[in-house]
Amino acid sequence: MKLRVSAHKEAAIPMGEFDNAEYIGINEAPSPRANNARKVSVLPLIFLIFYEVSGGPFGVEDTVKAAGPLLSLLGFLVFPLIWSVPEALITAEMGTMFPENGGYVVWVSSALGPYWGFQQGWMKWLSGVIDNALYPVLFLDYLKSAIPALGGGLPRVLAVLVLTMVLTYMNYRGLTIVGWMAVSLGILSIIPFVVMGLISIPKLRPSRWLVVDVQNVDWNLYLNTLFWNLNYWDSISTLAGEVQNPKKTLPKALFYAVILVVLSYFFPLLIGTGAIPLQRDLWTDGYFSDIAKILGGVWLRVWIQGAAAVSNMGMFVAEMSSDSFQLLGMADRGMLPEFFAKRSRYGTPLFGILFSASGVILLSWMSFQEIVAAENFLYCFGMILEFIAFVLLKIKFPHASRPFNIPGGTVGAILLCIPPTILICVVLALSSIKVLVVSLFSIAIGLVMQPCLKLIEKKRWLKFSVSSDLPDNITIDAPLLH
């Protein structure tokens, strides 16, 4: 990769303050492949990030079961500071430094070389496909109470196939459609909780929020649930090449998405734990619909269940967009065969979508308890590579153009990465032997796959090429060392 260092160092700007910021551009002209009319703007990008990370409070109930109301509420206030904010800040800096599809793959390649960039791409793509395979199944789980036939057998199999194909078609039609679909689904997912909050006001008892029993905490379930619900901030980086003015739009969208995600978790938990007496054993997936029935009746329960189903659709389309554009970005860099860079007439990565959809369908028939934990394991390894790349690029290219620059230089970068790295070590330490074996086997596949692809390229069995449209991400007018 061609790296160039600018003679001028840009000042850091706080996340969220952009209106009067001056962005010193590299490659401000659009790529010949790009179509400005189809670029993603701020609002759709916020909701794409929302669905990459969250999708609403569905799935946070286990934190109350594991640790009680106080620790659950504190977890969704403190954990974002330890994990979400550092990851979002790193994504903002690196995503504006490398405003192209491929995201974290490009970051790791630039710092550690293409071999480790490929490993990053393999682990993140695999964890994303595993994650996405859950959503059609969960969508049907919310609907089976109304349509019992969807509970199993041939009707469920056909429903999974049809739902996957319909949502895949949405991705095929274009990222702007997916973005505005995410906005619509996001609003539909949030509104019923606003209504439930208004209904609950007379029944709130603040003393219920303070209940805690430190001697009776399932730390494994508690930490894994927090981690599961507050990660994947970096996924949006694989779409950076499709974003309108990414150097300004990406940090702004990440800033507002962090606020939206934290509020979407905290306030429903505040309502649920404060409005009804505590029964920790009942706090499992889907319990918010039971709370809705207690507070508002059957109509509110049905609304919450519908919102949960809609949320799963939003998470599916957002995750598939990220996964498929990641493969396109890797092909643009010559890491995958050239056909992965082929775009449809709508500008979407045709083969990336097909491969990601195929992975989703294959994994939709599996049991997910251990495999979801394996996904977290793979994600943790990918994040370690990202943190290393982030620090190394600060050291190697201190004067590179960074439209969004986290202050503090190399020391600040290291300090920022310490809390989430400690958390990663805790999550990995809590993994079972079975998860460890499955995850290490998956990693081993990637270690072997990259040399095999190089052999295929050398033998010319498939065509590989580096796109001429790639930006010169790290600009250069002065010597690297001064």
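Predicted model: local features only at pLDDT ≥ 70, side-chain atom pairs only at ≥ 80, totals over all residues.

Q: What share of the residues is buried?

A: Of the 482 residues in the chain, 57% are buried.

Q: And the contacts, how much comes from residues 24 or more positions apart?

A: Taking contacts with a separation of 6 or more, residues 24 or more positions apart account for 86%.

Q: Ok, the core. Which residues touch the most other members of the largest nonpolar core?

A: Ile 49, Trp 83, Met 196, Trp 233, Phe 288 and Phe 390 do, in a core of 138 residues.

Q: Which helix gives the most to this core?

A: Helix 10, with 16 residues.

Q: Pick Met 196. What is Met 196 in contact with, leaving aside its neighbours within four places in sequence?

A: Met 196 contacts Ile 271, Phe 288, Ile 291, Ala 292, Leu 295 and Leu 300. Phe 288 is also among the core residues that touch the most other members.

Q: Back to helix 10. How does helix 10 cross helix 11?

A: Helix 10 covers residues 298–332 and helix 11 covers residues 350–363; their axes come within 8 Å and cross at roughly 125 degrees. That angle makes helix 10 oblique to helix 11.

Q: Left-handed or right-handed, the crossing of helix 10 and helix 11?

A: The crossing is right-handed.

Q: Which residues meet there, helix 10 against helix 11?

A: From helix 10, Phe 316, Met 320, Asp 323, Ser 324 and Leu 327. They meet Gly 352, Ile 353, Phe 355, Ser 356, Ala 357 and Val 360 of helix 11. By class, the residues of this contact are seven nonpolar, three polar and one charged.

Q: Now the other pair, helix 2 and helix 13. What angle do they pack at?

A: About 120 degrees, with the axes 9 Å apart. Helix 2 is residues 61–97 and helix 13 is residues 409–429. The two are therefore oblique to each other, and helix 2 passes helix 13 in a left-handed crossing.

Q: Which residues make the contact of helix 2 and helix 13?

A: Helix 2 brings Phe 79, Ile 82, Trp 83, Pro 86, Leu 89 and Ile 90. Helix 13 brings Leu 416, Cys 417, Pro 419, Pro 420, Leu 423 and Ile 424. The classes here are twelve nonpolar, no polar and no charged.

Q: Change of topic: Thr 249. Where is Thr 249 found?

A: In helix 8, residues 246–275.

Q: Why does Thr 249 count as buried?

A: Because its relative accessibility is 7%, and buried means under 20%.

Q: What does Thr 249 touch, not counting residues up to four places away in sequence?

A: Ser 41, Val 42, Leu 45, Val 243 and Gln 244.

Q: Then Val 42. Which helix does Val 42 lie in?

A: Helix 1, residues 42–53. Val 42 counts as partly exposed because its relative accessibility is 25%.

Q: What else does Val 42 contact, neighbours within four places left aside?

A: Besides Thr 249, Val 42 is in contact with Lys 252 and Ala 253.

Q: And the C-alpha atoms of Val 42 and Leu 254, what separates them?

A: They are separated by 9.5 Å, with the two residues 212 apart along the chain.

Key: Residues numbered from 1 in each chain as written. Heavy atoms only, no water. Axes fitted to C-alpha atoms, helices over the stretch in contact; angles between N-to-C directions. Helix = DSSP H or I, 4+ residues; strand = E, 2+ residues; numbered from the N terminus. Parallel < 35°, antiparallel > 145°, perpendicular 65-115°, else oblique. Left-handed = near helix turned anticlockwise from the far one by under 90°. Contact = heavy atoms within 4.5 Å. Nonpolar A, V, L, I, M, F, W, Y, C, P; charged D, E, K, R; others polar. Buried < 20%, exposed > 50% of the residue type's maximum accessible area, 1.4 Å probe, protein only. Core = buried A, V, L, I, M, F, W, Y, C linked by side-chain atoms within 4.5 Å.
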